[in-house]
Structures are given as structure tokens and as C-alpha cells.
Amino acid sequence: MCVTHRWALMQVSYAPCPAHIIPTIPLFLPIPLHTFANTISGSHGVIPVGEKTMIEKRHLYMSDEFIRSSPSITAYNSPSLNLRQGLADAAIPQLGAEAARHAIADWGRQASNITHLVFCTTVSGCMPGADFELIKLLDLPLSTRRFMLYQAGCHGAGISMRLAKDLAENNHGSRVLVVCSEVITMAFRGPSKSHMGNLVGQAIFDDAAGAIIIGAEPTGNERPLFEMVSASQDIIPGTEEMVVSKLYEDGIVYTLHRDVALHISRNIEGLVKKALERASLLTKDWNEELFWVVHPGGREILDKVESSLVLRKEKMDVSRKVMAQHGNTLSSCVIVVMDEMRKRSRKRGLPTAGEGLEWGLLFSFGPGLTVETTLLRALHNQEPNA
């Protein structure tokens with residue numbers, strides 16, 4: 001998928017060259033991943049969590065055989081960091097590389113034309129990192145300038161896109177490969193009646209990788225889909241305890257507060273208005289004039305955002321479909337939503353990848369609580385067979 005964006009470093013007197021998110025490829029079945037019904041089992045029986053979360057199935061890098069043969073992985077509060085870390089270190093670059101291969105093939109240019117790499121993951125922590133491994137797996141130029149983002153959380157794609165935007169705008173001719181790759185090996189474990197935050201995490205998190213390419217001044221064989229008009233980051237005050245992630249001997253342990261959705265919904269309208277005002281964009285009807293790429297962090301988040309912004313239910317259809325079929329895939333999740341919107345728009349013969357509309361907003365939410373906001377302008381559909 002392609003995205004364009006305007007120069008942000010300084011005011012200029014000439015027309016800026018837009019940069020583009022080029023292919024956007026989420027990946028669920030590269031190795032392949034293993035698909036499971038969304039239930040949680042433990043000493044107290046089986047919990048059918050799909051009804052509460054609206055998640056119908058999830059995809060895991062770990063096989064059923066591996067899970068059953070690794071009791072320290074499935075137990076709650078069992079020292080297992082070495083086993084978890086080893087699997088994550090191997091899986092993260094492999095999953096990311098497969099997504100990147102599809103993105104580069106869709107892009108239409110050669111891997112040797114990549115000048116920068118931004119690699120993001122919430123898990124893994126080795127050095128050299130997944131960014132280094134990706135250079136080898138894709139045979140990228142050894143001069144590729146790399147940026148490795150660890151422990152980014154669910155807003156990692158927003159961070160990565162914002163960084164790539166700055167790189168593309170300020171390095172003439174650059175093409176930035178953004179890869180977000182996630183496996184929940186570090187956080188997967190059995191439930192505990194005394195730790196509901198962990199139980200929620202086990203119910204919603206999933207494995208996936210996504211890759212996009214961002215660059216300015218598209219050439220004739222590049223087909224930009226979106227212009228990144230602006231990208232910003234905001235912390236919601238007083239919410240630092242809403243989403244907490246800690247690394248212990250038994251892996252990454254999440255604590256998710258029940259008021260996460262409430263805080264996001266109370267602040268989302270102000271963030272929408274700020275993004276639109278920054279671009280001097282006067283929209284009267286957010287249902288008719290905007291498309292919405294919202295991180296499906298959970299059922300309640302989507303419901304409350306929809307209610308707070310007075311959006312029609314279908315405006316969140318794409319995010320809800322991704323949530324149902326794949327759960328919350330952490331940093332890669334909004335890339336998955338963008339690609340689903342792109343495919344749906346193309347299938348329906350709409351003039352843009354943004355459900356036929358010109359303007360839209362992308363939101364990703366992470367620890368802090370931190371909100372990444374990107375104002376997108378969908379360009380006329382230039383994809384083949386659209």
C-alpha cells in the first residue's frame with residue numbers, strides 16, 4: 001500500500017513532494033501460523049471468550065504440539081524466559097521477512113532500492129536485533145539505515161509510520177521499509193483467577209506481521225494509495241497505569257485496566273478535531289466525509305470510540321472484522337486494518353482505498369496511554385485490476 005505525506009520539517013514556498021506508504025501487507029500464515037478457536041482453558045475449565053471479546057479465532061506461531069510439550073509456557077507464573085526468548089528471537093524476523101517480501105513484490109521495485117528500515121516489535125530483545133536479521137533474510141543493501149523499536153506496544157505502527165514519514169521527507173529519494181512483527185510467545189500463559197489483566201491479554205492478543213514502504217516523489221511504477229498529511233503523538237494525562245507491561249522470569253506480564261476504553265473515548269474527539277484543524281480541513285459530517293482506521297485493541301474500545309464520535313456502526317466494520325478474525329496483533333494491527341480496508345474498497349470497485357472517500361484518520365493506542373494520530377488522504381485508486 002502507498003501513502004503520501006507533506007513536508008513537516010519547515011515551511012516552504014514551493015509545492016512539497018508527497019511521500020507514500022506503498023504496499024501494506026499483513027501476514028498471518030507465513031510459516032504457517034496455527035489457528036485456534038478462541039477459548040482459554042485452565043484448572044477451572046474452559047472459558048469461551050469469543051462471546052465477550054467478539055474474537056472468533058486467533059493465529060499463533062506456536063504449534064499445538066509445541067504448546068502441549070512445553071508446560072512452563074502454558075503454566076501461570078512459571079520461570080520460562082529462556083524458552084520464550086529463544087522462540088521469539090527466531091520467529092520475529094522470519095515472520096517480518098515474509099511480510100516484507102510480499103510488500104516489496106507488490107511495490108514493483110527491487111529490494112536494493114530500500115534505503116531505510118524501521119523494525120518494530122513488542123517482544124524480543126536480542127542484539128544484533130531483528131532489524132539486522134531482516135537485512136540478511138531479504139538481502140537488503142548493507143548500507144541500509146536501520147532503526148529498531150523494542151517494547152513499543154500496540155501503537156508501534158503509528159510510531160514507525162511517523163518516523164518513516166520524517167525520514168522520507170528529509171532524505172531525498174529514500175524508500176523506507178516499515179516492518180511490524182509480533183508473536184505472543186513472551187506473554188502466552190495459562191489463566192489466573194487473581195490476575196484479570198493477564199486473563200484479558202490471553203483472550204485478545206495474536207500473532208501477525210505487517211510491512212509497508214514509505215517514500216517521497218513516487219516514480220511511474222509506484223502506485224501511491226494514501227498521503228500522510230500529518231502524524232502526531234499524545235499522552236492522555238493520568239493514565240500511566242492503564243496498560244502496563246513488565247518482563248519477569250516467566251515472560252512479559254500485562255496488566256490491563258478496565259477503564260482503558262473509557263479514557264480513550266473521553267479524549268478521542270479532541271484528538272480528531274486537533275488533527276483536522278492542523279490541516280485546515282473543514283469537515284461537517286464525520287460519517288460521510290471520513291474513513292476510519294482504528295486500532296482494534298478490544299471490543300469495548302471500538303464500541304466507545306464509535307459512540308463518542310457518533311459514528312454509524314459500519315464506520316468500524318473493518319476494525320471489527322480484523323478483531324474477529326485475528327484478535328489484537330499489537331503493533332501490526334492497524335497495518336492489518338489498512339490492508340483489509342484496501343482490499344474491501346478494491347473489491348467493491350470504489351475510487352479510493354479509503355472506502356471511496358478522500359480523507360481519513362488512523363488511530364493506534366498503546367501504553368501511557370499514548371495515542372498515535374495520522375491524518376490520511378486517500379488518492380485515486382491506482383492499483384491494477386481495481
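Predicted model: local features only at pLDDT ≥ 70, side-chain atom pairs only at ≥ 80, totals over all residues.
Residues are numbered from 1 along each chain as its sequence is written. Local features need pLDDT of at least 70, side-chain atom pairs count only at pLDDT 80 or more, and totals for chains, interfaces and linings use all residues.

**Exercise 1.** Find which element of the protein chain has the lowest mean pLDDT and which the highest.

*Solution.* Start with the term: pLDDT is the predictor's confidence in each residue, from 0 to 100. Helices (H or I, at least four residues) and strands (E, at least two) are DSSP runs, numbered from the N terminus. Next, compare the elements: strand β1 (residues 3-5) is lowest with a mean of 34, while strand β14 (residues 290-294) is highest with 98. Finally, look at the whole chain, where the mean is 83 and 85% of residues reach 70 or more.

**Exercise 2.** Compare the span of helix α8 with its expected span, and locate its bend.

*Solution.* First, take the 19 residues of α8, 260-278.

**Exercise 3.** Name some buried residues of α8 and some of their packing partners.

*Solution.* Buried means under 20% relative accessible area with a 1.4 Å probe, counting protein chains only. In α8, the buried residues include His-263, Ile-268 and Leu-271. The buried residues of α8 pack against several elements, among them β14 and α9 (299-308).

Terms used:
Heavy atoms only, no water. Expected span 1.5 Å × (residues − 1). Bend = angle between axes of the 7 residues up to and from the residue. Buried < 20%, exposed > 50% of the residue type's maximum accessible area, 1.4 Å probe, protein only. Contact = heavy atoms within 4.5 Å.
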